[in-house]
Amino acid sequence: MSDYKIDTNCVQAGYSPKSGEPRVVPIYQSTTYKYNSSTEMGELFDLEREGYFYTRLQNPTNDAVAAKIAALEGGVGAVLTSSGQAASFFAVFNIAQSGDHVISSSAIYGGTFNLFSVTMKKMGIDFTFVEPDITEDELSKAFKPNTKAVFAETLSNPSLHVLDIEKFAKAAHSHGVPLIVDNTFPTPVNCRPFEFGADIVTHSTTKYMDGHATSVGGVIVDSGNFDWTQNDKFSGLTTPDDSYHGIVYTEKFGKLAYITKCVAQLMRDLGAIPSAFNSFLLNVGLESLAVRVPKHCGNAMKVAEYLHDNDKVSWVSYPGLKDDPQHDLAVKYMPGGTSGVIAFGVKGGRAAATKFMDSLKLAAIVTHVADARTCCLHPASTTHRQLTDEQLHECGVSPDLIRLSVGIENPEDIIADIQQALDQI
Ligand SMILES: *Cc1c(COP(=O)(O)O)cnc(C)c1O
């Protein structure tokens with residue numbers, strides 16, 4: 001399917017029914033799969049043959065949707081997870097363990113920052129956070145002998161930094177480690193990080209991919225491009241796995257080594273699978289992704305221009321705006337648009353921000369972004385409230401920041417709602 005354009009793959013990739021089979025990918029609501037002999041099933045357990053035996057490891061609905069997303073990103077394989085958080089955790093934990101070190105951009109989702117700086121730190125993995133606009137020299141200095149990966153967001157939530165993917169990929173590769181990027185906000189419709197040197201892509205599919213705020217989910221996609229055997233950093237992939245009868249993932253699975261280990265070990269042991277029903281809903285969302293994303297971006301551009309020219313607004317951050325500090329990077333990495341998400345501040349600080357939010361009628365206050373309905377959030381008092389002011393600053397979130405997720409309604413209605421709410425201040 002990878003020869004088709006992305007809008008075709010959104011609709012068609014991942015599932016090709018044979019004659020007489022269901023046109024739409026079925027919901028395989030079955031935990032298990034029947035075999036005629038124990039020998040046959042034994043071969044599955046030994047990873048000697050392909051096939052289904054237990055849904056925690058593989059499920060046909062989940063696999064079809066994962067294959068679609070792999071095609072959209074241009075990767076060799078993908079695995080769905082029960083949430084974006086699980087995807088971020090698995091993506092890093094698949095190659096880093098206690099005693100290892102990971103470099104992460106500081107401009108990341110608050111939940112990911114907590115995952116790295118609190119929970120994974122307790123597991124013995126040490127993180128160094130770097131500013132996304134760090135120079136190549138400074139970035140180089142952050143590497144240690146035990147560094148196993150570099151992590152960043154292509155378009156950060158909520159600070160909207162555009163990642164210089166090539167700069168981060170170059171630094172990672174010259175130190176023999178992969179670049180893992182969370183591509184949730186741009187989606188593969190606006191940016192395909194593998195084309196710029198990223199090795200692994202993650203998503204919270206909860207956002208634009210699902211697009212309708214129905215299902216929490218995540219995905220990890222492997223480009224298949226990283227050579228895990230180039231050094232001795234990735235022994236989990238290059239030496240025998242005793243829990244799978246001594247299989248060496250890089251020898252047995254080649255370009256699929258990373259993603260196979262992710263399923264065979266992490267899914268087996270940690271079990272963060274999506275339900276087949278959620279994957280079915282995700283698939284319905286994906287079918288219209290290439291139609292929805294440009295509409296989100298077009299609407300957001302109009303709203304950003306409106307806010308930019310409004311004297312009640314103190315600042316607007318939208319990489320599509322020509323005078324935005326992220327504009328040049330956005331033009332390079334996301335020429336078709338960034339996302340529907342805008343960050344801005346209103347004059348009068350916290351109190352004015354609250355008044356504005358409470359006065360909105362069409363746009364709803366929700367702890368969510370990136371679905372069809374326009375919504376907004378004040379991160380400092382909600383998603384990011386665990387963070388100190390200093391940590392907020394490190395994540396690029398100012399206390400007056402309002403995150404507006406522009407939906408696919410008529411842009412005139414969205415702007416009229418914002419206008420009446422600004423009038424209340
Ligand atoms: C929401 C989000 C996550 C976490 O995903 P969940 O599906 O909520 O677990 C990770 N990264 C980014 C960029 C997000 O926006």
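User: How many residues surround the ligand, and which are the closest?

Analyst: This is a predicted model, in which local features need pLDDT of at least 70, side-chain atom pairs count only at pLDDT 80 or more, and totals for chains, interfaces and linings use all residues. Residues are numbered from 1 along each chain as its sequence is written, and side-chain values use heavy atoms, with hydrogens and water left out. A residue is near a molecule if one of its heavy atoms lies within 4 Å of it. Here 15 residues surround the ligand, the closest being Asn157, Asp182, Ser204, Thr206 and Lys207.

User: Which polar side-chain atoms lie by an oxygen atom of the ligand?

Analyst: A polar contact is a pair of N or O atoms within 3.5 Å. A polar side-chain atom of Lys207 lies 2.6 Å from a ligand oxygen atom, and one of Asn157 lies 2.8 Å from a ligand oxygen atom. For an N or O atom in the side chain of Ser204, the distance to an oxygen atom of the ligand is 2.8 Å. The protein buries 92% of the 380 Å² that the ligand exposes when taken alone, by the Shrake-Rupley method with a 1.4 Å probe.

User: At what angle do helix α3 and helix α12 pack?

Analyst: Helices are DSSP runs (H or I, at least four residues), numbered from the N terminus. Axes are lines fitted to C-alpha atoms over the stretch in contact, and angles run from 0 to 180 degrees between N-to-C directions. Helix α3 (residues 60–73) and helix α12 (residues 276–287) pack at about 30°, with axes 8 Å apart.

Key. Helices (H or I, at least four residues) and strands (E, at least two) are DSSP runs, numbered from the N terminus. A polar contact is a pair of N or O atoms within 3.5 Å; within protein, one must be able to donate a hydrogen and the other to accept it, and residues adjacent in sequence count only if both atoms are side-chain atoms.
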